[in-house]
Structures are given as structure tokens and as C-alpha cells.
Amino acid sequence: MLVTDTLNKSKSDSTKKSEVPLGLSNSEAKKYLLQFGKNSIEQESKKNAFLIFLAQFNNPIVYLLLFAAGMSFFFKEWLDGIAILVVLLINSCIGFYMEFQADRSMEALKKLSTISAKVFRDGELIEINCEEIVPGDIIYLEAGDLVTADSRILKSSQLQVDESSLTGESIPVEKQAEKTDENSPIAERTDLLYKGTCVAKGNAHALVTATGMRTELGKIARLVQSADQSATPLEKKLEEFSKMLIKITVAIVVIIFIVGLLNGQKLFEMLETSIALAVAAIPEGLPIVATLALAQGMLKMARQNVIVKKLSVVETLGGTNVICTDKTGTLTQNKIEVSEVKSHDSEIMMRIAVLCNTATVSKEGKETGDPLETALLKYAMKQAISADEFRKKYPIEKEEPFSSETKVMTMLCKTDNGFTAYCKGAVEEILKRCIHSLEAGGVITMNEPIRTEWLTKAEQMASSGLRVIGGAFKNTNKYDNEISQGLVFTGLFGMIDPPRDDVFEAIKECKAAGINVVMITGDHPATAKNIAQQLGIISSQNAGGVIGKEMNEYDKLSEDEKTHWINSHVFARVNPKQKLDLVHIFQEKKFIVAMTGDGVNDAPALKKADIGIAMGMNGTQVAQEVADMILKDNSFTSIVRAIKQGRIIFENIRKFVIFLLSCNISELLVIATASSLNLHFQLFPLQILFINIITDVLPALALGITEGSDSIMKLPPRNIEEPIIDKKRWWTIIFYSIIIAVSSIGAVFISHLTVHNTELWNPELCNNILFFSLIFSQLFHVFNMGSSTSFFNSEAFRNKYVWGAIILSLTILFGTYAIEPIRNVLSVYEMSVYDLLISFGASIVSLIIIQIARKLKIVVQ
């Protein structure tokens, strides 16, 4: 652990004694930031653009092309050799651009997911980007926070830290301010906190002693190399798919090669044609195009307040059929206000609201802390009570922080008459800890009728949609070790948190999409059912629900109980362990589960779920660290938008795979037919390569960013086990390929029988008609990739990028046609308007036939 010489020891000592830490000044922080650098772990340097470009030449397809160029030079076909090298360079440039864009998109996504830290600057507690922390800062940590820098504890309360990421020890370690030997093992330094660990319980003020690569985590990072990011399941499927396609293509090419030789074709021409065919038939750019589509989709989701941390999540989103969502802030507006207080002593209730509270509300209205606690502070402020003055008058001596297990929070404060413990939490839990009750006539002994009366009042308030918490206190001494026991029940706070306006439609959309919405909350069952009914999750408050205390442990559940859980839509008073069990049961029944969570104890359930979703506005850093997605606005509607986008991305990838394969296989069929039937016309290798440059890249990229069909959320969730191309879609690809190939070859015969019926067969002219027919047919084939049965309303037809890709491709085509040297290289000659119209007409015929087949459902939509 590095303790910098620049730290002012006297200042640190005085900080320990003061009630409100001053921390560094802004000017000191800026100076130290320049001196020590950002508080970040150095990552593996991003790929150099030049190295990305060179990597494009390192694949078997390029080796084939280089071999073909070498053979051309060997047989003194200089023009062909040079042209193949030029095409190779163009292909490599295209591959470089796509990979470069995919890498940059991933870099942009990493920057969107940042971790904040609470620090004292100029005596004020503020939140900053953790990279701006410097040695000498005083940070405040509480349960759920990640420790963002190596630090020495100044003050703590019931602090436990999970150091498993550093030491491998799975049990949280007790931490305290009492100094230990710095030479002892890391696991025994109980007064020190380390970057990368997380606070499991309690809170602490700590002095930052090392940042960035000077931390213990940084020292370890220097010793290990960054592992390469593993491919996503979809990328692996595409790679396996490409390998299978290579084997099939090689077999077809060998057959064409042998048939060509038997038909008297020259060895060199057949060798060159076979190599070009192999290159044309294999869509080697599929994984890169897929990665680019995934990354661009993730960036789009980021603009819609959803940060997706892993590419693989995008694939899973499309198959999600259960969303387990929290209520507060996700389904509701999180604009909590105290609307009702039931008590016989408003002054004590006010003290509970302000003193049993770690949140802050500045004079400017800036809120820091839990929304429920800020609501209590704002309620006190409306009663002309200053939280700062209250806290100075009654300083905190001891704290028992809120946890999902206890469901209560207690503060021991020094008062005029000694010490008083103030407690708030779930009503039933508070009542269990009370031995007295504050009634109109004073403090009386708690009994069952009084306890039932308060529970009934809480039930009535919750049934009207209020979030209800109880308050209690007791006068004691500073040596009391059970400050949350033996309390005097004081009253109830009723808070309103109305549903979000857009959630009702989002839940309706989920139901249409076959997605089951399950509300899981720690709130009162009546409150949960009221909100669920308002949002359409359940039809009435009489609908069955599950309460946490009625839930058995997973190992003890019967099949009937599991079925009851799966068929229920509201779970109330649920703890994190029960959340984990619920995810387990859904997954056991083969459901794909998305789970929301914000607390440190939600982390296991978030990690277990197929998609863990953390809250970005008030979620703990631990929850955000293990989650797959982070909601920047905490809104349920954002989850639904992400699922929709996930479906769209997968469908787009599937569309451009179908598009590329049907185009490439159509070329194979054309060459195979011409060779097998020994026709007097054939496509040349350079023409095949040129066709792929014109028709493959731009339309495929445009399909990758299609907006998606209007009906995509009216379809059932996708089975994530199904292949990208199933049997039905293979038949569709083959059908498309045959129609394109037949239309293109047919154009040659139609031209000869109509325009040139008095002439002998002209191989050059036939070749050119075939060349243009194939290009036109493949370009217009992109319009067959829509999901709608209506051609003009399909997402492909309405996609401006598709139109842009076609226009640009045609511009390149006719641009090269107009330049005579390039035209000569491609063996293309000037054609009459009639022949060009025949080629164009053949492509329209191909489009119409395929559209009719789609209408008749001969092929998959």
C-alpha cells in the first residue's frame, strides 16, 4: 500500500476528530490528479489501425486470391494478375473498415459504463467519477459500494467487506479503524480497504492512500496479461456456419473444376474460376458484420438509457419470456412523497425521519441517497425543520444500517437527556422489536391487540397504494449493544409513489409478445397488489400473490409450490435469497429470465438470471458490476425497449445472413449450370469478385441497421437454442438462389431470342447480360428481406439505408462502366439500352416471383 508523501498528516488527524470531514479542496484535488494520474487500471492497448488492416490479409481466402494472382503472372496474364490484387486490396479495405468500426463501437460502449464515488471536497459530500479520486481524498462507503481506491479506515459502523476478488476468501471480512501492521498479509489488514473489493455491510469514512496502478489491484494487473474477449455464442455459431459452408463450397468447386476440364476448358481458366468461385461463395465477413450490428445495436440502446455490458446479452434479449421486476422506481415514478403520518407524537416522528437517515438534500435541492430517505427529509423541511441543525444538535454515536435481512435501520444519537435510539423499517419487523407503544395517553405496554391494530392501520394505508414504514425509539445509554430491541412503537409513515405513465402500455406490449411480467418487491403485499392492478399486471387485488414469509426454501419446495410460484405475478416482502430461488425455478422450467435488482444482496440473483438488470440511478455499484445491463433511468419501459431491440438485432443478422448466402449460392448455381451444360457464356473470375463487392457489402450493412418490423413485439419469444438458419430458412435460401440464377441466365436467352434473333450467339454480349442481370437481381433482392407481407410497408423498403446502399452500389457500377480502362479489365463492353432493360427486367421478374412465393408462404417471411 502506497501512502504518498504529499498527504498532510496533521490534516488527516484533524479530519479524524471532526464530525464532518473536510476532505481535499478542489484545487488540491486537481494538483494531485496531475501528479498521480487517473485512478484507473491500465488496459491492454487498443488495436492499432495498421495492424487491423494487416490482419485482413491473414486468412485462407486471401491466400487463394494471392495464388490466383501468382498463377496469372506465371501465365503472363498481367492484367488479370494486377486486377486480382486490386480487388484483394478493395476487399481488405472493406474488411478493415467494418472491423475498425466494430472496435470503436465497443470502445464507445465501455466509456458509457462508469462508476461513481462519494467523496468529501471542501467539506461537502459529492459524487464524482471514480477515476478522479486522488490520494488524500476522504471517501464515504456504504453497503453495495465498490471500493474504488486503496484506503485507510477513519471511522466505520458494522463494516464488512467482500475481498474475494483480491484474496479469494469468500466470507466478508470485518473491518475497523484500529491500526494493524502494514507488513501483515493483505487478508489480516483489517484497517485497510482495497480497490476492487466491495462493501457487504455497514459504512465507513476512509482516507485514500493509493490510486490506479499503485493499488494492490494495480500491482496484480501488471503481472497478468489481459485475456482476449471471448466470442459470443452468435459469433461462434457464425464461425461454425462459415466453416461448414467452406467444406460444402470446396466440394462444389471441385466438381465444377472437373466438369470444366472434361468439357474442354483450359486448365488455367478453370483453376482461376474455381478459386474465384470459392472466394465468392464464402461470406468470410459474416462474423465482423455481425459484431458490428451487435455493437451498433448496443449503442442505440445506450441512447435509450440502457447500457448493455456484454455482446452476448443482445442475443439472449430476443428469447426473454419472463421479466422479474422491482416495483419502486422501475414500475413507479420514484418520486416518493410522505402523504400521511399516523402517530400520537409528531415531534418524535420528525426526529426518526431526520436522524434515522443517511441521505442529504442540499439547499439547492440536490438529493443524495435513497429516495425514500430523501422523501422523509423533504417532509421534515416542509415542517420548517433543518436536517443539518437537527443532526448537529443530536449527533450520531452508533448505527445499525438497513439490510434486506433485518428490514430495519437504527441510529443511536446523543440527546439532552442522554442517548436515544431511533428506528425505522418494515412495520411488522419494527413491531416485533417493540415492547411498548406510544398512544394518546402516553407510553403503554405493547400487547397483541395493539400490535394487530397498528398492522390493520398499515394494511389499510397499503391497500390504497401507499408505501408504509414504521417508526420507533427508546431512551438508553451509549453502551447498549442491542439498540434495535426493546423499542417504543411511535407511528406510521405513508408514502405515495405513483406508477410511471408509460408502464401500462409497456406491460400490455409484453403480454402481446408472450413475456410474463412478475413484480417482486420488499413492500407490503397490499401496496404491491394495488400498483400491480393499476398497471395491468393482475386483474384485481383478489388475484393470488406470494408473500416472502410463506415461501419455503428451494430444497423444500414441492412441485405444486413451484407451479404456484410460476403462475403468480406479485411477490411481496421478498428477500434476496428468495429472489435467487425464484430465478432458479423459472430456469428449471426452461424460462429465459430477466431480473432487476439494486442492492448488494441482489447480486447473486442478478448473476444467476439469464439477464441481470441493475438500476443506474440508485443501484449499488456491486449490483451494477455483476449485472449484464444497467438502466440509466430505472424505467421498466427501457427494459421492454431493450428486449425489442434485441429481437430486431437478431432478426437483422438473420436477414443479412440469408441475403448473403442466397446471393453467393446464386453465383455458384450460375457458374455450375454454365459449366455443366457447356454453355458458350460464363462469368469471369474478376467479374465474380466485382459482383460481390457491389452487392454484398453495402446492402448487408444496411440490413444490419434496419428499424425492425412493427409486428416484432407481437411474436412469441425466440428459442435461443434454435440455429440462425433452420431447415425452413435453408429451403428459403435455396429457393431464392434458384430464382435469381434462373432469371439471370434466362435474361441471356431472352436477349438472344428477341433483340438479337437474327445474329449468331455472341459470347461477350451474353456474358455482359448475365453480369448485369446478376447484379441487378442481387441488389433488388434486398427488398425481399422484409418481414411484412406488404412489400411497400416492409421495413426493408422503408429503410433509408437500404435505398442509400442500392443507389451507391448502382453509382459504383455505372461509374466503372463509364471508365473504359476499368470496363476492359472486367471484360465489359458497351451495351444497347434494350439489353440493359432486359437485364433490369430479369431482376424485376426475380423480385416479383419471390414476392409471390412469400405471399403464398412457399418460403419463410
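Biologist: Which way do H23 and H24 run relative to each other, roughly parallel or roughly antiparallel?
Modeller: First, this is a predicted model, where local features need pLDDT of at least 70, side-chain atom pairs count only at pLDDT 80 or more, and totals for chains, interfaces and linings use all residues. Residues are numbered from 1 along each chain as its sequence is written, and side-chain values use heavy atoms, with hydrogens and water left out. The axes of H23 and H24 (residues 685–695) cross at roughly 160° and come within 11 Å; axes are lines fitted to C-alpha atoms, for helices over the stretch in contact, and angles run from 0 to 180 degrees between N-to-C directions. Under 35 degrees is roughly parallel, 65 to 115 roughly perpendicular, over 145 roughly antiparallel and the rest oblique, so H23 and H24 are roughly antiparallel.

Biologist: What about H23 and H25: is their crossing left-handed or right-handed?
Modeller: H23 (residues 636–676) and H25 (residues 697–704) pack at about 160°, with axes 8 Å apart, and they are therefore roughly antiparallel. A crossing is left-handed if the near helix is turned anticlockwise from the far one by less than a right angle, and right-handed if clockwise. By that rule, H23 passes H25 in a crossing that is right-handed.

Biologist: How many residues in the contact of H23 with H25 are nonpolar?
Modeller: H23 brings Asn652, Lys655, Phe656, Phe659 and Leu660, while H25 brings Pro699, Ala700, Leu703 and Gly704. Two of the residues are polar and one is charged, and the nonpolar count is six.

Biologist: How many helices does the whole protein have?
Modeller: Helices (H or I, at least four residues) and strands (E, at least two) are DSSP runs, numbered from the N terminus. Counted that way, the protein has 25 strands, and its helices number 30.

Biologist: Let's zoom in on Ala506. Is it buried or exposed?
Modeller: Ala506 is part of helix H17 (residues 503–512) and, leaving out residues up to four places away in sequence, touches Phe636, Thr637 and Val640. Buried means under 20% relative accessible area, exposed over 50%, and partly exposed in between (1.4 Å probe, protein chains only). Ala506 has 4% relative accessibility, so it counts as buried.

Biologist: How far apart are the C-alpha atoms of Leu535 and Ile507?
Modeller: Leu535 sits in helix H18 (residues 525–535) and is buried at 3%. Its contacts, apart from neighbours within four places in sequence, are Leu331, Pro499, Arg500, Val503, Phe504 and Ile507. Along the chain Leu535 and Ile507 are 28 residues apart, but from C-alpha to C-alpha the gap is 7.4 Å.

Biologist: Which cysteine has the sulfur nearest to that of Cys434?
Modeller: A disulfide is a pair of cysteine sulfur atoms within 2.5 Å, by definition, and a search of the whole structure turns up zero. Cys434 is in none, and the nearest cysteine sulfur, 7.4 Å away, belongs to Cys423.

Technical notes: Contact = heavy atoms within 4.5 Å. Nonpolar A, V, L, I, M, F, W, Y, C, P; charged D, E, K, R; others polar.
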